[in-house]
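Dear colleague,

I am handing over the structure below, and after it you will find my notes on what turned up. Please read them with the sequence and coordinates open beside you.

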Amino acid sequence: MAQQEDNLLKKIISHAKEYGFIFPSSEIYDGLAAAYDYGQNGVELKNNIKAYWWKAMVQLHENIVGIDASIFMHPTTWKASGHVDAFNDPMIDNKDSKKRYRADVLIEDHIAKIEAKIAKEVSKAAKRFGDSFDKDQFVATNQRVLGYSEQIDSINNQMKTAIESDNLSDLKTLIEELGIADPVSGSKNWTDVRQFNLMFSTELGSLAEGANKIYLRPETAQGIFVNFLNVQKSGRMKIPFGIAQIGKAFRNEIIARQFIFRMREFEQMEMQFFVKPGEEIEWYDRWKENRIKWHKILGLGEENYRFHDHLNLAHYANAACDIEFNFPMGFKELEGIHSRTDFDLKAHEEHSGKKLQFFDPQENKNYVPYVVETSIGLDRMFLAIMSASYVEETLEDGSERTVMKIPAALAPYKVAVLPLVKKDGLPEKAREIIDELKLDFNCQYDEKDAIGKRYRRQDAIGTPYAVTVDHQTLEDNTVTLRDRDSSNQERIDISTLRSRVSELVSITRLLKQL
Ligand code: ATP
């Protein structure tokens, strides 16, 4: 199973490169770890995801507005937010291989190995007992499985206590006691565990002018908090209201891996919703519901999503959960929804000396609003779509195809216009059609190779509709409209093409279901 999942990720990575979705960054110099470039099709898909999110947030809600804050911010911002002191991961180096790891990840990988042993016992027993096998009962009673489960609980507890109390030497002792070896070299020759701050820093201005250390923002949220009052006043916003933002964030992840799932430069789509204190949990529940709906409307499979409630809350949160998606590597965080209390605004009040409050005319008093945040990684959303859309299938005629079943509203190109042959005036007619359609949709024109081959090329980049111009078109002004997923074709009049395609591919269709 794990191998199959690994294969799917590999296939997606190579498909993404071959068809212009994602290239390794600066590839001619052998690339840069965990940095990727979006190609000609990738950028279109990415822009469409942004549009779907932005419209769902800003266009559909009278009380949500957007901003675009700068990446560089006053350094005190990150002191106030807690990132300078606490945005750390525990890291450990192997002295022989010189490789660096996240201490908690090494331990989690060790736990995964024990979990795999449990899975093996379960599958052995399932084979032995056949139809009468009761998995829950087996797991609850089998001595060997119980022993493994106890081991896992004990390791988890020790790790949690060490991390929460910032006891790095206990973390190292745990790694040693478990006999964890470097996965590459097998060596157990470890350094001490150290904290590693994930923020990238640089200097503003030349040294001669007296340089100032500044950071590349590790999240977009703080750009929203520091603008709370600007937006509230200039937009005459009343609580509850929200501020949305899409933008780049940077984290010096110790191990960046799994393609675009964990990068050092990535993009976030965040919305901070300011509410009256005491009403935050109600709003948190409403945003949870709204966000999962936004995902499910895309049709990537309801079974691919699940909520993961945080049991150990960050110090600033009074409720938090992740929406997890079933990536090729298993269920992992795609989006976070957090009730952040008044932590951020209060911290900025303290550090800036400015009041960040709202005057509530009904209550006739000022208060610092509470905040409910929704935060989704754009690149992770991209990977979710790519992995759920990638399908290899055999067609009725026995031929094979790889098709990206990308939701039509998000697909890079909406229509391909294809003259059946490269003569008899068909290319000219096709050009006429495309000139009309391109005013509304991203279109592709293709006249090279047999029609079947051209369909395959469009399938591979996820174009949901193909219009074929044939000899009959010249006689009665009709074309065939082919559906990517079913391969069904219908014959329609050219005069209805624009409205028909628009009905099928517009983001409006998704928004109506929200
Ligand atoms: P993780 O636990 O996976 O490191 P996180 O809990 O630190 O993620 P948040 O700080 O809540 O993530 O950020 C919000 C969203 O930003 C995440 O849900 C994820 O989609 C995205 N994100 C965070 N870190 C990265 C990264 N290194 N690369 C790509 N996307 C990321």
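In these notes a residue is called buried when its relative accessible area is under 20%, exposed when the area is over 50%, and partly exposed in between, with a 1.4 Å probe and only protein chains counted. This is a predicted model, in which local features need a pLDDT of at least 70 and side-chain atom pairs count only at pLDDT 80 or more, whereas totals for chains, interfaces and linings use all residues. Residues are numbered from 1 along each chain as its sequence is written, and side-chain values use heavy atoms, with hydrogens and water left out.

Overall picture

The protein has 18 helices and 23 strands, where helices (H or I, at least four residues) and strands (E, at least two) are DSSP runs numbered from the N terminus. Its C-alpha atoms fill a box of roughly 80 × 70 × 55 Å along the principal axes, and of its 514 residues 48% are buried. If a contact is taken as heavy atoms within 4.5 Å, then 65% of the contacts with a separation of 6 or more are between residues 24 or more positions apart.

Nonpolar cores

A nonpolar core here is a set of buried Ala, Val, Leu, Ile, Met, Phe, Trp, Tyr and Cys residues joined through side-chain atoms within 4.5 Å. The largest one holds 64 residues, of which Phe21, Leu45, Ile49, Tyr52, Trp53 and Phe382 touch the most other members. Apart from that core lies another of 25 residues, including Tyr101 and Ile175. Leaving aside residues up to four places away in sequence, the residues that Trp53 touches include Met269, Met271, Trp294 and Ile376.

Backbone details to check

Most residues other than glycine have a negative phi, and most peptide bonds are trans.

Salt bridges

Counting a side-chain nitrogen of Lys or Arg within 4 Å of a carboxyl oxygen of Asp or Glu as a salt bridge, the total comes to 39.

Another bridge joins Lys405 and Glu393 at 3.3 Å, N to O; because Lys405 lies in the loop between strand S18 (400–404) and S19, and Glu393 in strand S17, the pair ties together parts twelve residues apart in sequence. Asp449 and Arg457 form a bridge whose closest N and O atoms are 2.8 Å apart, with Asp449 partly exposed at 32% and Arg457 partly exposed at 32%. Finally, bridges with shared partners join Glu393, Arg401, Lys405, Arg456, Asp459 and Arg482 into one network.

With best regards
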